[in-house]
Amino acid sequence: MKKLLTLLLFLTPLLHAASIDSSGVVVLYNSSIPESKNLAEYYAKARSIPVANLIGLDVSAKDEVTREEYNLSVRDPLRKILIAQGFWTMGKNAQGFPLPVSSKISTLVCMRGVPFKIKRSPVTGTPTRKLPAQFASATEASVDSELAMSGVHGLPIAGPLNNPYFKKDQRIAEAKLPFVILVGRIDGPSYATCQRMIDDAIATEKQGLWGMCYLDKALKGGGFAIGDQWLDEIARLNDKTGIPTVMDANKQTFTTNYPMNDAALYFGWYTTHKNGPLLNPAFKFRRGAVAVHLHSFSASYLRNPNNHWTGPILAKGAAATLGNVHEPYLQLTHHFDLFHARLLAGYSLVEAAYMSVPYLSWQNVVLGDPLYRPFLHLGGTGNVAEDDRDFRAIRVANQRWGDEPETMVKKLRTAAAEKGNARFYEYLGLWYGVRKQDKISSAFFQTASKKHVKESDRLRQWIYAADLQRRAGDKPRAIATLKKARDLFPNIPETKSVVALLNILDPPPPPPAKKKSPSADQPKAK
């Protein structure tokens, strides 16, 4: 293991993208809410953003505003300030509408206190473009996505607009899109949560984001299959990168209290409200975690720690997430695989998010410090925290011997044996599982279960083994494995996940019907 860690000193850092220039970041807050202003000032100081770049507007304290309220209290006054302060130089497009032709602002950060939803309003006038029926009257949107194109006058309000930054692989400063602003939001269940999100992003950048990735397929099929394809691609990228990844490829989501320990990354779908690990009071994401759950209204109650997904995810310690405030339709929302790939390449949260969403003036929000770059140190640089060493070593092994898998496995196996390293054994079990070598995979999980200290980590190895058995079509054996796990770990909250799986695979018989009293079937005596 020492040899693996020593290699950290010799690895070449990733050729990641440079950071967003803080002088081009504008921070928007609600001037009628002191906490909103305080948060803006806290963030500006943390990221060395000029005080002159803080803009306070007297806007509604409500989550949702009408289109008229948005125009009059947010869009129009913000336009005037950005022009007056020299952030935008205005010109006209081919249709004669004003728009920024040069810009000193790349990023706008909305603080908690600024509304995040725009209500649907009637479409007036003659439509300027032909839209599918589901978009023709869809004037509802997220405030942030509308602000992304707010410099361009005369845009239609119904339906989405093409995002010119979609699929780009260059910094926003190099993209030559002066009429686009990348809009992120530091918002969530409380102001304390928001401050913690800022602190976590900055702290994590010093050492990098390390840990496990958990993926949860939905198996919806048909036109929805693309969602599962995104997760498959993330798994492929992680396998190549050396990020230990757990894939739940069963129809249900991760079951109640699933032992999702060391979760640095999470991507999943569907279900309306939080479930699985998030139901466990003891569960918490790793510091700096990026966690996203796809659902049509995942961010519609983003300030509620219990409703839908983004609020609960942030309340459980994640530093960043993505969401939708209204129905986005699957292919019009963030493409998870692109988002993850751009983060791995070293881009900031907001750049990765906007590179991965095909439309603006739509439903998307980006929650967390927009400048956050979780994978700055994927090349082995940065401060080395003790709890990250195993994950760093796994990454090193993949960088050094990824093209020689037999050598990589031998090195990790030797290091695991020397130190009795449960994480290495677990990783090797996952690695062989991806390659459908189930017997070898199961053997590594068995060893990992013996080496892990936490009972919840040990339990997870049994769930892995049962999952392999389910995949092989051996349902009776999977049931037997889960029953043994339930009996071995009866007193921890995570055992509920095993009970839930058993209820799916081996549901208990229905209770016997109650016998009717004799008088119930007899006519009453007259």
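This is a predicted model: local features need pLDDT of at least 70, side-chain atom pairs count only at pLDDT 80 or more; totals for chains, interfaces and linings use all residues.
Biologist: How many aromatic pairs does the structure hold?

Modeller: There are 14 aromatic pairs. In one of them, the ring centres of Phe 267 and Phe 336 are 5.4 Å apart, with the planes at 50°. Stacked needs under 30 degrees and edge-to-face needs over 60, so this pair counts as tilted.

Biologist: Where in the chain do Phe 267 and Phe 336 sit?

Modeller: Phe 267 is in strand β13, residues 263-268, and Phe 336 is in helix α9, residues 336-344.

Biologist: Are Phe 267 and Phe 336 buried or exposed?

Modeller: Both are buried. For Phe 267 the relative accessible area is 0%.

Biologist: What sort of aromatic pair do Phe 267 and Phe 339 form?

Modeller: An edge-to-face one, with 6.3 Å from centre to centre and 75° between the planes. Phe 339 lies in helix α9 and Phe 267 in strand β13, so this pair ties together parts 72 residues apart in sequence. Phe 339 is buried too, with a relative accessible area of 0%.

Biologist: Which residues do ring pairs link into a cluster?

Modeller: Trp 230, Phe 267, Phe 336 and Phe 339.

Biologist: Changing topic. What lies over the face of Tyr 191?

Modeller: Arg 112 does, at 4.8 Å from the ring centre. Elsewhere, Lys 117 lies over the face of Tyr 301, at 5.1 Å from the ring centre.

Biologist: And salt bridges, how many?

Modeller: The structure holds 29 salt bridges. One of them joins the side chains of Asp 369 and Arg 47, at 2.7 Å from N to O. Asp 369 is in the loop between β17 and α11, while Arg 47 is in the loop between α2 and β2. The two are 322 residues apart, and both are buried.

Biologist: Why would such side chains pair?

Modeller: Side chains of opposite charge can pair when their charged atoms come close.

Biologist: What about Arg 471 and Asp 438?

Modeller: Their side chains also meet in a salt bridge, at 2.5 Å from N to O. This one links helix α15, which holds Arg 471, to helix α14, which holds Asp 438. Arg 471 has 43% relative accessibility and counts as partly exposed. Asp 438 is partly exposed as well, at 22%.

Biologist: Which residues do shared partners join into one network?

Modeller: Asp 63, Arg 112, Asp 144, Arg 185, Asp 187 and Arg 303. Arg 112 is the residue that lies over the face of Tyr 191.

Methods:
Residues are numbered from 1 along each chain as its sequence is written. Side-chain values use heavy atoms; hydrogens and water are left out. Rings of Phe, Tyr and Trp (its six-membered ring) pair if their centres lie within 6.5 Å; planes under 30 degrees apart count as stacked, over 60 as edge-to-face and the rest as tilted. Helices (H or I, at least four residues) and strands (E, at least two) are DSSP runs, numbered from the N terminus. Buried means under 20% relative accessible area, exposed over 50%, partly exposed in between (1.4 Å probe, protein chains only). A charge sits over a ring if NZ of Lys or CZ of Arg is within 6 Å of the ring centre and within 35 degrees of the ring normal. A salt bridge is a side-chain nitrogen of Lys or Arg within 4 Å of a carboxyl oxygen of Asp or Glu.
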